[in-house]
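Dear colleague,

Please find below the structure that I am handing over to you.

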Amino acid sequence: MLRKIKNVAYTLWHLAVEIVGQSEDEQALTCNIPDTEDTVAYENQDVEAVAMVEGSPTDAQLDFHQRGDAAGPSSDSSWSIDCSTVLRVKSVHISSAILAAKSLFFHELFLNGIKESVQRDVTIQIHASEEEALMDLLNFMYSNNLSASRATALLDVLLAADKFKVASCMRYCSKLLRNIPMTCESALLYLDLPSSILMAEAAQPLTDAAKKFLSVRYRDIYKFQEEVLRLPLAGVEAVLSSDYLQAASEDTIYDLVLKWAHTHYPKLEERKEVLAKQLAQLIRFPYMTCRKLKKVLNCSDLHPEFASKVVLEALFFKAETPHRQHALAVDVPNAVNRRFVERAYKYRPVKVVDFELPHQQCLVYLDLKREECAQLFPTGRVYSQAFHLGGQGFFLSAHCNMDQQGTYRCFGLFLGMQEKGSASFAVDYEFAARSKPTEGYVNKYKGNYTFTGGKAVGYRNLFSVHWEAFMEDDSNYFINGILHLRAELTIRQ
């Protein structure tokens, strides 16, 4: 194991700093390899570490800038550092077998460099700011422990572990960082790490934790709208990826995304690119209303081809049967952007079928999950998205309320007209629900009402049973955990 590493003073440091036009943050690390046996296998041997001493690279050392015969490191532009900027040199005795077993970087280095040469010296160049992290990384490869404990120091080691391809250390750093209480700042910092880390399996738990933190923090997206609009791209992506956003509807999420894009990307072409390639992929167009989808087709912030593609996909999804829609929602490829998965909208999506003749008429289908209905008890209510008939907006609302005599709680369904507009409509309406054993729609209540803005009408006990009977496991009204409701509206002249 690595037994000790001594620190010494370096007189060359100050001399190098004073060189005009030269970098002040670069140095070389010389690794003296005590064995030249098979470096692929792990060798359990003790290697005495010597003091780090002053020196400079020699012609016999393998330097990545001067020689490109080491596979892997030579292809990384970050190693192309002019030797004239070297400030100091540390020499450390290490085991090539241990490093090769723990690090793909050193495995490739020793295999391609040392075996082709009789020399036992290898020189790599790093920035001075990386020195402490690299020494801690080397110690980890011997002892499986780190001296770093602060988040900033652990991030430095994580970056070094990524550069030198030490997956075990990346996992260890990720675990330690997850144990530190997360903040918005730290979560955004983790999501802003180099792409090589973000894509690494070893660091995935850390980035997943950061995304979850942000999605929970901004779950009520409109309560924190101003903060969300200030988030960088990675933060907004994390928030939009959540299934649990407490938004009124996907229409409002779409509007917020466009507002964010205008704020951060004032140039149209840049805005189009970031929307098409990143943000718009996270908008769940299949759950937007048809009225908003029409606006998507004419949106100048989206490429026409992209807009047509997502709108067509959304319309085809709306036309599918509920069974097929569910199948699409759980489809594995869809897991990438979750576009067919319904969020926890404040206003529940509906499917609408419109007719113009012989009367203006529409059929509105509203599905509620059993758990959504359970959450209504004792006095809750849930609203549908708006739908339109005769140019006027309407909505459905499901309630847990008292029956007409005020003796017990039951399930009620109501139809309301939005407030805007002063027109008055005489509407015939009829409520139906699927029920066992046929699982077909059975009419439950019908009536006629002259609507004005803000008015609602309906039936307080749609199924004529107590709430407990309605919610029973063997209830006739939940089919595979879903309550299927239908409202038929007709405008009479």
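This is a predicted model: local features need pLDDT of at least 70, side-chain atom pairs count only at pLDDT 80 or more; totals for chains, interfaces and linings use all residues.

Residues are numbered from 1 along each chain as its sequence is written, and side-chain values use heavy atoms, with hydrogens and water left out.

Helices (DSSP runs of H or I, at least four residues) are numbered from the N terminus. Helix α12 covers residues 250-264, and its 15 residues should span 21 Å at 1.5 Å a residue (the expected span is 1.5 Å times one less than the number of residues). The end C-alpha atoms of α12 are 21 Å apart, in agreement with that value.

Arg271 counts as buried because its relative accessibility is 6%. Contacts of Arg271 (heavy atoms within 4.5 Å), leaving aside neighbours within four places in sequence, are with Ala261, His262, Tyr265, Pro266 and Asp301.

Helix α14 packs with helix α15 (residues 304-319) at an angle of about 160°, and their axes are 9 Å apart (axes are lines fitted to C-alpha atoms over the stretch in contact, and angles run from 0 to 180 degrees between N-to-C directions). The two helices are therefore roughly antiparallel, a term used for angles over 145 degrees. On the α14 side, Cys290, Leu293, Val296 and Leu297 meet Ala307, Ser308, Val310, Val311, Ala314, Leu315 and Lys318 of α15. By class, this contact has 9 nonpolar, 1 polar and 1 charged residues (Ala, Val, Leu, Ile, Met, Phe, Trp, Tyr, Cys and Pro count as nonpolar, Asp, Glu, Lys and Arg as charged, and the others, Gly among them, as polar).

Tyr244 lies in the loop between α11 and α12. Tyr244 is exposed, at 53% relative accessible area (exposed means over 50%). Not counting residues up to four places away in sequence, Tyr244 touches Arg219 and Ala344. The C-alpha atoms of Tyr244 and Tyr345 are 8.1 Å apart, although 101 residues separate the two along the chain.

Yours sincerely

Technical notes: Angles under 35 degrees count as roughly parallel, over 145 as roughly antiparallel, 65 to 115 as roughly perpendicular and the rest as oblique. Buried means under 20% relative accessible area, exposed over 50%, partly exposed in between (1.4 Å probe, protein chains only).
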